[in-house]
Amino acid sequence: MLRRILLLLLFFVSILSCKAPEDVVYFQDSKNLEQISSTNSFTPVFKVDDIVSILVSATDMDAARPFNLMQGASVSLPSSDDGSGGTTGSGGSGVSEPTYLIDEEGNIDFPVLGKLEIAGLTRIQVKDLIKEKLKVYINDPIVSVRLKNFKFTVIGEVSNPGSYTIPNERVTIIEALGMAGDMTIKGKRGNVMVIRESEGVNTYHRVDLTSKTIFESPVYYLAQNDVLYIEPNNSQVRTSKTNNNTFGIVLSVIGVALSALAFIVR
């Protein structure tokens with residue numbers, strides 16, 4: 001009888017501890033070799049407190065130099081923009097790029113040109129704006145623009161929660177989770193929250209990573225300062241509550257044992 005009781009206890013523990021595959025598998029409804037044309041597009045715009053690097057160059061490098069003024073450093077001028085915000089061409093290495101902080105009014109103070117309102121503009125729009133203004137001073141100016149402080153935060157049930165700063169303009173939810181070491185087995189994959197702040201207002205989006213529809217979500221691409229929260233699943237919540245109550249653990253074990261014993265005796 002004791003053996004039967006122990007077997008029943010082990011059975012109950014196994015049932016409680018098992019996690020269904022559908023709770024932990026990503027993109028479950030995707031088919032083998034399935035191809036779907038994504039219509040999801042996201043173009044980030046500059047915001048207040050963003051740090052932006054802007055380099056100006058031209059055939060006549062002396063003509064471009066006044067637009068790259070920095071304190072305590074000379075500027076290595078790029079020869080071209082590679083189209084992704086980076087630069088190519090010759091120049092000295094190890095020289096800091098001129099950077100500008102977008103103030104509370106959405107402006108930067110640019111050499112010679114003065115205040116430029118760039119908050120709410122994309123990288124390409126800022127590039128075109130400055131190029132147009134530079135035509136008065138420089139023939140065929142080349143402008144390189146890059147966001148320097150793109151940051152997002154991942155908290156909750158991931159291996160390495162924290163804030164991450166990257167040199168890119170955007171990052172996907174999948175990439176962000178990868179940087180944070182992926183979700184733990186205790187993370188709720190079907191109900192991930194993205195908190196996004198825009199003009200002083202927080203919006204909360206919930207997405208399901210177990211479905212391929214995540215690729216069409218408006219928050220699939222994270223924006224500057226987004227917070228990604230991974231909620232613990234129900235089993236983890238129960239475990240947490242139980243671990244904080246030793247007496248509750250004892251009562252639970254006794255209850256299961258008495259139930260099993262009553263079943264056997266009956």
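**Entry 1: second largest pocket**

I looked up the second largest pocket, which holds about 230 Å³ of space. On a 1 Å grid over the protein atoms alone, a pocket is an open set of points with protein on both sides within 12 Å along at least five of seven lines, whereas a cavity is a set where a 1.4 Å probe fits but cannot get out; lining residues have an atom within 4 Å of a point. Grid points are joined across faces, edges and corners, and a volume is the space filled by probe spheres set on the points.

The model is predicted: local features need pLDDT of at least 70 and side-chain atom pairs count only at pLDDT 80 or more, while totals for chains, interfaces and linings use all residues. Residues are numbered from 1 along each chain as its sequence is written, and side-chain values use heavy atoms, with hydrogens and water left out.

I recorded the lining of this pocket as Val45, Phe46, Lys47, Val48, Asp49, Gly120, Glu197, Ser198, Glu199, Gln224 and Asn225. By class, the lining has 3 nonpolar, 4 polar and 4 charged residues. Ala, Val, Leu, Ile, Met, Phe, Trp, Tyr, Cys and Pro count as nonpolar, Asp, Glu, Lys and Arg as charged, and the others, Gly among them, as polar.

I found 1 cavity of 30 Å³ or more.

**Entry 2: sheet of five strands**

I then turned to an open sheet of 5 strands, ordered β9-β8-β14-β11-β12 with mixed pairing. Because β9 (162-166) and β12 (201-207) stand at the edges with a single partner strand each, one side of each is left without a neighbour in the sheet. Neighbouring strands here are turned by 20 degrees against each other on average, direction ignored. Strands are DSSP runs (E, at least two residues), as are helices (H or I, at least four), numbered from the N terminus; two strands pair if DSSP finds at least two bridges between them. Axes are lines fitted to C-alpha atoms, for helices over the stretch in contact, and angles run from 0 to 180 degrees between N-to-C directions.

I followed strand β11 (residues 192-198), which pairs with β12 in the antiparallel sense over 7 bridges. Isoleucine 195 stands opposite tyrosine 204 in β12, and methionine 193 has arginine 206 as its bridge partner there. The hairpin of β11 and β12 has 2 residues between the strands, and glutamate 199 takes a positive phi near 55 degrees in it. Glu199 also belongs to the pocket lining of Entry 1.

**Entry 3: sheet of three strands**

I noted an open sheet of 3 strands in the order β4-β1-β7, with antiparallel pairing. Each of β4 (99-101) and β7 (142-147) is at an edge with a single partner strand, so one side of each is left without a neighbour in the sheet. Strand β1 (residues 51-57) is joined to β7 by 6 bridges, and serine 53 stands opposite arginine 146 in β7. Helix α3 (residues 123-134) lies across β1 and β7, at about 145 degrees to β7.

Notes. Contact means heavy atoms within 4.5 Å.
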